[in-house]
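Q: Please show me how a residue's surroundings are read from a coordinate model, and then how the whole chain is described.

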Amino acid sequence: MRIILTSALCTIVSLSLFSQDTTYFGFGGYMRSGFGIDGEGNSHDVFQAPNSEAKYRLGNEAEAYAEALFQYFLVDEQESVFETNLRLAFVTPTSKSNSFETTTSIREAYVKATGILGRQKQLSFWAGQRFYSQVEVHMKDYYPRDMTGFGGGFEELQLGESMKLAVAYLGGSIDQLNPDGTVRPTNEFALNKTTLDVNLYDIDVGFGKIGVTFDLSHFTGDSLETLGGTYTVSDNTGWSVGLYHEKAFTGGRNFVHLFYGTGAAHTNMALITQPMGIIHEPGEVIDVAGFRRFRLVNDLKVDFTPRFSMLGLLMYQNLNNNMPEHNILDWYTAGIRPVYFFSRYFSLVGEFGVDYTSQEGVESGSLVKMTIAPQISPFNKILTRPAMRAYFTYARWSDDFIGQIAPVSFPDQNHGISFGLQMEVWW
């Protein structure tokens, strides 16, 4: 979850009516931390299905992660705002299944200027390294669209009465961290590419708003050294298109995202990353041109009453990793997170999620993960933070996945448990 200080920006603009330039500072961020143990009393392992890109996160996170955002605002007498952003991240493993040490990263370092054109006062120009055009599924801490990277562009260009345009030219921001703050596996590649990203959004269609994205990505190819030898990733120019619809209603919203991408643009990211299900052989050439990805996501958030709230998720993904054999991978997932509030501060959170994955000609199976967590938080709303919780998690998976899910804690079993304490906050 990433929070931008829009309220601070609004305050700054309102204060800028003074006749001289003024400056302000802002501070925001995100943290999660806790500790859990497995059924044997050791630090807990996480439950994630093979060939899935994310796990159901409640009671299933095995690291301490923090982001600290520092902002500097300059507001001039014309009510234009120049905004400088620096976001630092820190992650520390808390599970024996993690092989990395404490890792730090500069996640954002960019400048944005708003209000410098008289007829388009909401228009912003930006340059640097930025969290950009992200779509988050909170229950899985998953980003089906994440154009985070280095580059620049403009956003909030008003076209007519009910349409806006954003355009950016991006290069991937390569560090050791995934979008969710976990550390990338050392045996998987993440390579830079260049992308022209076009986003038409806030299009009012009467039953909500839609947006359309188009990406053209170019990758120049690279050779990589591994412990087994050298292999080559071929160059390619690929394209992708996305369609999303958001419907707000009393107490919540429903978000639908449809995506199809080819070649270098198949990830819906500013990076080109290794598709799931690939097995490297020294000397081989990985042909990027054959990569294909289709994804459909429906994400629901609703506060039904002061006593009951819920998150819901349905998703399907089909991936072609262009292997000579076993190249088609399917991923289905469905989950809910209901919350019952005993009072303003005390609640009981549950999470039930099912992942089913298959790779053509190799294996298929399911993972069922269930968590119950008594929680303390400031308000009786689904995503109010800070939150402190105790949790108990149970997971069960197909026999074909034995040794691949929670392999450190449960190497020869098809089920497992964990329990512990955790806090989470953003501001």
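A: A contact means heavy atoms within 4.5 Å. Not counting residues up to four places away in sequence, threonine 384 touches Ser377, Pro378 and Phe379. This is a predicted model, in which local features need pLDDT of at least 70, side-chain atom pairs count only at pLDDT 80 or more, and totals for chains, interfaces and linings use all residues. Residues are numbered from 1 along each chain as its sequence is written, and side-chain values use heavy atoms, with hydrogens and water left out.

Q: Where does threonine 384 lie relative to the strands?

A: Strands are DSSP runs (E, at least two residues), numbered from the N terminus. Threonine 384 sits in the loop joining β23 (363–376) and β24 (387–397).

Q: Is threonine 384 buried or exposed?

A: Buried means under 20% relative accessible area, exposed over 50%, and partly exposed in between, with a 1.4 Å probe and protein chains only. Threonine 384 counts as buried because its relative accessibility is 9%.

Q: Which backbone atom lies 3.4 Å from a polar atom of the threonine 384 side chain?

A: That atom is the backbone nitrogen of phenylalanine 379, a residue that threonine 384 also touches.

Q: What does the radius of gyration say about the protein?

A: The radius is taken over C-alpha atoms, and the globule rule is 2.2 Å times the number of residues to the power 0.38. For 427 residues, a compact globule would have a value near 22 Å, and the protein's 22 Å agrees.

Q: How many of the residues are buried?

A: Of the 427 residues, 52% count as buried.

Key: Helices (H or I, at least four residues) and strands (E, at least two) are DSSP runs, numbered from the N terminus. A polar contact is a pair of N or O atoms within 3.5 Å; within protein, one must be able to donate a hydrogen and the other to accept it, and residues adjacent in sequence count only if both atoms are side-chain atoms.
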